[in-house]
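Open the model in your viewer and keep the selection panel at hand.

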Amino acid sequence: FWDSEHLFLRRGCTHSLRYQNGAMPTVSVGRDRLFAAVGRTYTQEEFEDLCFSFGIELDDVTTEKAIVRKEKHLDEEEADEDEEVIYKIEVPANRYDLLCLEGLAQALRVFCEIQEIPTYRLSDISKNAMLKMHVKPETSVVRPFVVCAVLRGVTFDKARYNSFIDLQDKLHQNICRRRTLVAIGTHDLDKLEGPFTYEALPPSSITFTPLKQERSFRADELMEFYKSDLKLKKFLHIIEDSPVFPVLYDSKRTVLSLPPIINGAHSAITLDTKNVFIECTATDLTKAKIVLNTMVTAFSEYCANKFVIEPVEVISSDGKSNIYPDLSVYNMEVSLSYITGLIGVSLEAEEVTKFLNRMQLHAKQSTSAKKQSNFIVSVPPTRSDVLHPCDVMEDVAIAYGFNTIKDKAVADNKGSKRLAASLTLLPLNEISDLIRKEVALIGFTEVLTFILCSKKENFAMLNRKDDKSKAVIIGNPRSSDFEAVRTSLMPGILKTVAHNKDHPKPIKIFEVGDISLLDDNRDVGAKNIRQLAALYCGANAGFEIIHGLVDRVMEKNGVSFVPPGDKSGYYIEQSDEPEFLAGRQARIIYKGKHAGTFGIVHPEVLNNFDIPDPCSFVELNVESFL
């Protein structure tokens, strides 16, 4: 293993790399309050084990004062005994129900079999007695959907109130995509009078006093006012160019909110609020329903009637009526053989049922005589992440224990053939492993470098120009070191050499990994490409060694060297890439297509990475061999 400040390296073994740039949501909760909510006390090691078993991770242990000191860049001090210990817990990005203490504690209680799976239901009131939300047709041009619900008899204290507000912020950053898809408004219902209307009006026609302000503003004035607000200015672009702004009124024309910017001050909730009206305006109805369900299920445990939510009737401009929230449970049929086959262990039906119940999924065996080995899995409104039988299988695997699966697979010789059949490698991964092995046998050491890099490393330091057409840019990077997704493996390889330039020469390293390029034809706007990169660094450039590596990889893939223009194999031709020395580089053409480039690294590039010795480098598209 090499000493490297930023990079992990390996020879003949595998390391797990974690994202360092906020890929997973982190929930900060007070340790003592969490343990009280779960109903048990744990040592830190015991709680780390519990988190691992449940599929989450205790990322950091700190205190409120330490967090403040870190934000203000002050020197660290020893924690006082009376400081509250804060647990920072990483949760899966699609588990919206775990984004607050209430949902997290409930999930852990069910997982530890302290509590049964809760049943959420709508309060038993007639349709005539329901609150009404009337949607005007003008909203279709700016933000067409709204869903609503009421929490009756809520009891807030300071911690619950803060958790309620924090969950809204977490959802806004996550599934709501910074309020572009969904915006949440919460109101003290006792300060309002229904029925409500959801309208879209010219900005000059909307006047109200926004939250935390003492005077009223016109909506157009408010947009100018908030351009200097660090928190709210980033949401202004969502509606500022629209000729009409969305707005919600009660029957007395009191403004509830101007979504997705700000709520009105009149209906602000406080610690004394007992009845909470929740509205979610959206451009995506499905996500709006998920967000509303997440809010009401998490905090309905504080209602006078636990887990009971009061519905609201939303009447569209065309007269259609819908009742929200939709707390219906949907059923999914999953076979036992599908679950056990993919996991690779033998389980009885009763065991699978128990594991699913621990993961908040009701399960029972099918009553059909022909499908007795099938399960009917009931997915509650809290588990919007369960979309396919593979999600059910994953929950069984989590509850069973991933470490246990490995041990049993090794011990279960009878199931080895079945396990091998169910865990076949994808062709791309299989050929990647074969190439790794072959390059390692030649004497190169494999390195694993970060997928994210700085824009400077990705372009300027490689003598490349950024034409904005290739790189996937990170929208809100925590550091200038993680601004873009790499478009080449070259920056990471060169950084590895730079951090190990005192290592005895020659240095021979390689990496097989993914790069990302923008692609308008993909649904996510980008595509991953598997690449092989290798570098030789020594007293001389070693161009012939890298050339020999190319020939070896081609030979092991059954590809012959052919004359230029022949599409049956590969050949090389002159190239002119700025990261390589002119006249000392070549383009690899395979089956008539550009498959890679190799050459002597340009001295300016080496100087940019502070590498004193000459280097040769190759980067080759692994997917071209499929």
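This is a predicted model: local features need pLDDT of at least 70, side-chain atom pairs count only at pLDDT 80 or more; totals for chains, interfaces and linings use all residues.

Residues are numbered from 1 along each chain as its sequence is written, and side-chain values use heavy atoms, with hydrogens and water left out.

**Stop 1: the domains.** Colour domain 1 (23–112), domain 2 (121–324), domain 3 (330–403) and domain 4 (427–625). The bounds come from an automatic or database domain assignment.

**Stop 2: domain 1 against domain 3.** Domain 1 gives 12 residues to the contact and domain 3 gives 11 residues; contact means heavy atoms within 4.5 Å. About 960 Å² is buried between domain 1 and domain 3, with carbon and sulfur atoms giving 50%. Buried area is the accessible area (1.4 Å probe) that two parts lose on being put together, summed over both. Now select Arg 95, Val 110 and Phe 111. In domain 1, these lose the most area to domain 3, together 46% of what that side buries.

Which residue forms a salt bridge with Arg 95? Select Asp 385: the closest N and O atoms are 3.9 Å apart.

Next, show helix H2 (44–54) and helix H4 (101–111), the elements that give two or more residues to the side of domain 1 that touches domain 3. H4 supplies the largest share, 4 residues. Helices (H or I, at least four residues) and strands (E, at least two) are DSSP runs, numbered from the N terminus.

**Stop 3: strand E24.** Select residues 507–518. E24 pairs with strand E21 (residues 445–448) in the parallel sense over 2 bridges; two strands pair if DSSP finds at least two bridges between them. Glu 446 has Phe 510 as its bridge partner. Strand E25 (residues 526–537) runs antiparallel to E24, joined by 12 bridges. Ile 509 is partnered by Leu 535.

**Stop 4: two hairpins.** E26 and E27 form a hairpin with 5 residues between them. Strand E26 (residues 570–574) and strand E27 (residues 580–590) are antiparallel over 5 bridges. E27 and E28 form a hairpin with 2 residues between them. Finish on Lys 591 in that turn, with a positive phi of about 55°.

Notes
A salt bridge is a side-chain nitrogen of Lys or Arg within 4 Å of a carboxyl oxygen of Asp or Glu.
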